[in-house]
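Please examine the sequence and the three-dimensional structure shown below before reading further. The report that follows is written to be read alongside them.

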Amino acid sequence: EVGAELQDRLETEIGDEVREIRGEGLLVGVEVGRGANRALKELALNHQVLALPAGRTVVRLLPPLTIGDDELDHVVDAMSEVIG
């Protein structure tokens with residue numbers, strides 16, 4: 001349920017800025033138009049969100065299963081600011 005909510009919120013808040021948002025459960029991949037390394041660096045340094053690359057253009061999110069609503073809000077806000 002939380003993974004579906006994360007994907008839905010990412011699609012509504014930054015859907016136009018990305019090529020595709022896909023995933024299964026809480027494993028979510030966000031395919032960005034330009035290189036993912038810039039987005040990963042900004043997420044880590046400016047927003048304290050640790051994400052990993054999955055290829056050259058995909059930002060992979062794998063939050064813990066115990067993620068709460070506040071943390072989910074933080075991740076979505078950070079992603080929309082960095083990518084949007």
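This report describes the strands, the salt bridges and the charged surface in turn. The model is predicted.

## The sheet

Four strands make up an open sheet, arranged in the order E1-E2-E4-E3, and their pairing is antiparallel. Strand E1 (18–24) and strand E3 (52–53) are the edge strands, each of which pairs on one side only. As background, the strands of a sheet pair through backbone hydrogen bonds, in either a parallel or an antiparallel manner.

E1 and E2 run antiparallel and are joined by six bridges. Within this pair, Glu20 stands opposite Glu31 in E2. E1 and E2 form a hairpin with two residues between them. Gly25 lies in the turn of this hairpin and has a positive phi of about 65 degrees.

Next in the order is the pairing of strand E2 (residues 27–32) with strand E4 (residues 58–61), which is antiparallel and extends over four bridges. Here Glu31 stands opposite Val58 in E4.

The remaining pair consists of E3 and E4, which run antiparallel and are joined by two bridges. Leu52 has Arg60 in E4 as its bridge partner. These two strands also form a hairpin, with four residues between them. In its turn, Gly55 has a positive phi of about 95 degrees.

Which strand contains Val32? Val32 belongs to strand E2. Its relative accessible area is 4%, so Val32 is buried, the cut-off being under 20%. Val32 and Ile21 are eleven residues apart in sequence, and their C-alpha atoms are 9.0 Å apart in space.

Ala54 is placed in the loop between E3 and E4. With a relative accessibility of 34%, Ala54 counts as partly exposed. Ala54 and Val30 are 24 residues apart along the chain, and 9.2 Å separates their C-alpha atoms.

## Salt bridges

How many salt bridges does a search of the whole structure find? The search finds six. In general terms, side chains of opposite charge can pair when their charged atoms come close.

| Acidic residue | Basic residue | Closest N and O atoms |
| Glu13 | Arg9 | 3.7 Å |
| Glu31 | Arg22 | 3.2 Å |
| Glu42 | Arg38 | 3.3 Å |

Glu13 and Arg9 both lie in helix H1, where they are four residues apart, about one turn of the helix. Glu13 counts as partly exposed, at 39% relative accessibility.

Glu42 and Arg38 are likewise four residues apart, about one turn of the helix, and both lie in helix H2 (residues 36–47). Glu42 has a relative accessibility of 24% and counts as partly exposed. Arg38, at 36%, also counts as partly exposed. Elsewhere, salt bridges that share partners join Arg19, Glu20, Arg22 and Glu31 into one network.

Are the two partners Glu31 and Arg22 buried or partly exposed? Glu31 has a relative accessibility of 17% and therefore counts as buried, as this value is under 20%. Arg22 has a relative accessibility of 35% and therefore counts as partly exposed, a class that lies between the 20% and 50% cut-offs.

## A patch of negative charge

Which residues gather in a patch of negative charge on the surface? The patch consists of Glu5, Asp8, Glu11, Asp69, Asp70 and Glu71. Two helices, H1 (2–14) and H3 (69–83), each supply at least two residues of this negative patch.

Asp69 is found in helix H3. The relative accessible area of Asp69 is 55%, and Asp69 is therefore exposed, the cut-off being over 50%.

## Summary

The predicted model contains an open sheet of four strands with antiparallel pairing. Six salt bridges are found in the whole structure, and some that share partners link Arg19, Glu20, Arg22 and Glu31 in one network. On the surface there is a patch of negative charge, to which helices H1 and H3 each contribute at least two residues.

Methods:
Residues numbered from 1 in each chain as written. Predicted model: local features only at pLDDT ≥ 70, side-chain atom pairs only at ≥ 80, totals over all residues. Heavy atoms only, no water. Patch = residues over 30% accessible without salt bridge, like charges linked within 9 Å, V, L, I, M, F, W, Y side chains within 5 Å. Areas by Shrake-Rupley, 256 points an atom, 1.4 Å probe, with all protein chains shown as cover. Salt bridge = Lys/Arg side-chain N within 4 Å of Asp/Glu carboxyl O. Lys, Arg positive; Asp, Glu negative; His and termini not counted. Charge placed at Lys NZ, Arg CZ, Asp CG, Glu CD. Buried < 20%, exposed > 50% of the residue type's maximum accessible area, 1.4 Å probe, protein only. Pairing = 2+ DSSP bridges.
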